[in-house]
Amino acid sequence: MSRIGVFICHCGENISRTVDVEQVAQAARQMVGVAYACDYKYMCSDPGQTLLKKAVAEQRLEGIVVAACSPRMHEKTFRNAAQGAGLNPFLCEMANIREHCSWVHDDRAEATAKATDIVRMLVERVRKNKKLIPITVPVTKRALVIGGGIAGIQAALDIADCGHQVVLVEREPSIGGHMAMLSETFPTLDCSQCIMTPRMVDVVNHPNIILHTYSEIESVDGYIGNFSITIKKKARSVDMAKCTGCGVCMEKCPQKKIPNEFDKNLGFRPAIYVPFPQAVPNTPVIDREHCTKFINGKCGVCQKVCGPGAVDYEQQDQLVVEQVGAIVVATGFKLYDIGEKPKGSAIKGYGEFGHGKIPDVIDGLTFERLASASGPTGGKIVRPSDGKEPKQVVFVQCVGSRAREKGISYCSKVCCMYTAKHTMLYKHKVHDGQAYVFFMDARTPGKSYDEFWRRAIEEEEAVYIRGMVSRVYQKGEKVVVMGSDIAVGVQVEIEADLVVLATAIQPRDGADTLAQKLGISYDKYHFYSEAHAKLRPVECATAGIYLAGACQGPKDIPETVAQASAAAAKVMTLFSKDKLEREPIVARVNEKYCVGCFACKKVCAYGAVEEKEIRDRQGNLIRVVAYVNPGVCSGCGTCQATCPSKSVELDGYTDEQVMAMLETL
Amino acid sequence: MNKSSEKTKSTVTIDTSGYEVATQEIRSEAKRLLTEKIVDAVVGYQGGRRGGSAVPVVITDPDQAEKLVFSAACVNNLSIYLTKAKKEIRAKGKLAVVAKGCDLRALAGLMGESQFKREEVVIIGVTCAGVHRAGTQPGQPLTDSTIAKKCRECSVHIPEGSDLIVGKLPPLPNLSPTEKELMEKLDAMTPALRWEFWKEQFTRCIRCLACRQVCPFCYCEQCLCDRGRPQAVDTSPRPSGNMGWHIVRAMHLAGRCAGCAECERVCPMDIPLNLLNRKMAEELKELYHYEAGLKPVEKGPLTSYDEKDDQSFIK
């Protein structure tokens, strides 16, 4: 006979308003196995917990049911209290009579009856509960950071400064990401490269950071504390150990007219190149698609001129395996390319704006390159079509963003601010020029942000027109922007020299594939999902994986840096212990009855099911059965539901318990 | 069941002379496999006590190969002897098995469920024009009225993918698809009427569990439906337990059963069990474009997740 205590909480009035808690306590006292029952106004408060602990001692209780809120809210609280009273914490269960009962019902009598039934079920469950011991797994104190933009760099530096090794993987030949492409940053107008490049150098010089550029994640195995990552190092065709970064190869490469992606195709680069002069690492890469040597085998100039003999045409893609304990995903964003409607996508494109067809219609990042001192024009703002200085520039906000009918309903968050910045940068360089901005609202929450926007209008004379643009077309040398001004209620047409579109921020291509490799979830736009929108904003639902930057949603630089440091802090928390404690709610295989069909292995989303050989004393193989690795199992119960003979059970949720709960009703 | 076909006394006889050829070829292959010690045992058929009948046999001696036969009486699906549940047969070592096209589909399914590996088994495939339906007197010729229901709609006369294919296929008559017709009749019913139909069928069930014992896919060490604590299904032959058992059976076979219809053949109460299996298979085909048993499949549609899966049921 078990001695179970039932503790019923009023939750202030949240429960007692609709549930007669005293009546529930009285009913509980009659239940089989219940030795004690009481109610209290705030069970989670200090006196409430003291009451519970005292009752355990005085009544010699062997199990506890706390009838209160959701276990998501206070299960941990009461299990700790149970442990404090000397009980195994897993002998304490929550009966949710708030979310599942008082909050959703009006009728007092019916709600009371339902609350009693919920308590009755949990009493049955606790009667069949077993003591469980937390599982400990070792932690590999090395972190993987995916993405070498400002988010990845910040997270990597923070973790590395804390004394842990970091493996930083970047897809492009250089780290730096989008921030390295920007000219100046809002709201202070400080030079982006001036603040970014020293951090990039910090990364390459840091003794704790292992940098893999021009590399991608091939596969991810393992679990929190024990990930095994296979990284594909793409063939750079230049031996990084030998290259001194002298740059002679780039000078001598005869193939010089390849559009420079870093400059948004405004300038040119050779086939052997570094993306930009401050690149880290400063080792060139051969673009095999455009290199004459790789196209027809007839060049080889770079190899001849290379003093240290670093150019290696034979180099192959290489797979490297790294063991890590935590992963920070910081893969960043791309700008919505509105010229074409993406294939098979719900997103509709903006053919009417002529992007990609009219040379003087550009996006925000292209404008950044035009305004940048290290850009293709040396910071001189000119039209891409004829190189003339534009005297009238129209900026269009919310292109793609906040356009439900076009397929994206979210706000890209940074465009209001960077458009205001663009009008200023333009005014500073073309004093007699005029900037117009078509906008829906100006969203400027942030320190000194609204002041910055007001300055663009009041001091730098940008003309803001509240309204949408319907069409953009070429008329002679001019680009005509047709739109509406809803403040005045008229249609407007502006003959512009240059049009800059603030296109939406989207996750990187392939964000979904990476998520599938990592086993993390993403939303319909492919932004990665955090575990809890408010309370766990940097963690993924998958343990040991954290998010930083725009891969989780549009963000500006300060927010990205803050989130990256937060993710780093989470990693360091994980690394602060040698062993990791995990909840022992894991699946267990009945090896006697398992027939080895491995349906459980097929459905396990965590890769927790292994094949175990059973041998006799002579070492002969008898049979192969399933084995659940408790370090990996997340206790989802899918295997239990799948096993045809029910030879696998989830501790704490055994079939026996669930059936007993149902049968007591 | 099968009353309609009994009424129409047909004279369509199916040429089974190819079975003589098959018998000879099976014997010589079995002898060779055992003599050359390629396998340790051969699972096949031998003549039964009553003339013209046949029963499964496991032979380990090359001299016994002469016992093996193949005829229209070779109804059993021998793949059941290869599952891990048949420990004593598996313990004999490497096996060869005689398989008709329908049996081969079960073998493919079992490989997908880790019951054995392809290289562990030699498959002697038999070209099959059809076998007797349950209740046929031994020695009868194979005709429109004695052929099994499944054979009327067979699409796997030649067991492609076997190590060796024996026998030869005679010209086949066009037989009416009686099971398909019954399916269509059931599909046309209202759900309430269909429920009545099955309730009526299951009241007859005596829970002898022959359907389970004969099924190649019911190889669990302990059947969920035999468990007492907690009890999932009432074990006595009463309506609720009968309904529970047959629903569990149908669900556990969804995406696995390839339609050998052994369950229906052995049912002493003539419950048309294969209709349930066939219905589940049709659903699988419609929802996931999946057919069980065409080849060994690592992950069937019910044990894998695909973003493109039908989600219309989530409302």
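This report describes a strand of chain B and a helix of chain A in a predicted model.

In chain B, strand 4 spans residues 95-99, and because five of its five residues are buried, the strand is largely enclosed by the rest of the structure. In a regular strand the side chains alternate between the two faces of the sheet. In strand 4 of chain B, Leu95(B), Val97(B) and Ala99(B) point one way while Ala96(B) and Val98(B) point the other way, and all are buried. The pairings of this strand are set out below.

| Partner of strand 4 of chain B | Sense | Bridges |
|---|---|---|
| Strand 1 (residues 41-47) of chain B | parallel | three |
| Strand 5 (residues 121-126) of chain B | parallel | five |

Within these pairings, Ala41(B) stands opposite Leu95(B), and Val98(B) has Ile124(B) of strand 5 of chain B as its bridge partner. Strand 4, helix 4 (residues 101-112) and strand 5 of chain B together make a right-handed β-α-β unit.

In chain A, helix 3 (residues 71-84) has 14 residues and reaches 18 Å from its first C-alpha to its last, which is close to the 20 Å expected at 1.5 Å a residue. Its buried residues are His74(A), Phe78(A), Arg79(A), Ala81(A) and Ala82(A). These residues cover an arc of only 155° around the axis, and they therefore lie on the same side of helix 3 of chain A. Arg72(A) and Lys76(A), on the other side of the helix, are exposed. The cover over the buried residues of helix 3 of chain A includes helix 2 (46-59), strand 3 (63-68) and strand 4 (92-96) of chain A. Just after helix 3 of chain A, Gly86(A) takes a positive phi of about 95°.

Conventions. Residues numbered from 1 in each chain as written. Chains lettered and ligands numbered in written order. Predicted model: local features only at pLDDT ≥ 70, side-chain atom pairs only at ≥ 80, totals over all residues. Buried ≥ 20, exposed ≤ 12 C-beta atoms within 10 Å, placed from the backbone. Helix = DSSP H or I, 4+ residues; strand = E, 2+ residues; numbered from the N terminus. Pairing = 2+ DSSP bridges. Right-handed = clockwise from strand over helix to strand, strands pointing away. Expected span 1.5 Å × (residues − 1). Arc of directions from axis to C-beta. Contact = placed C-beta atoms within 7 Å.
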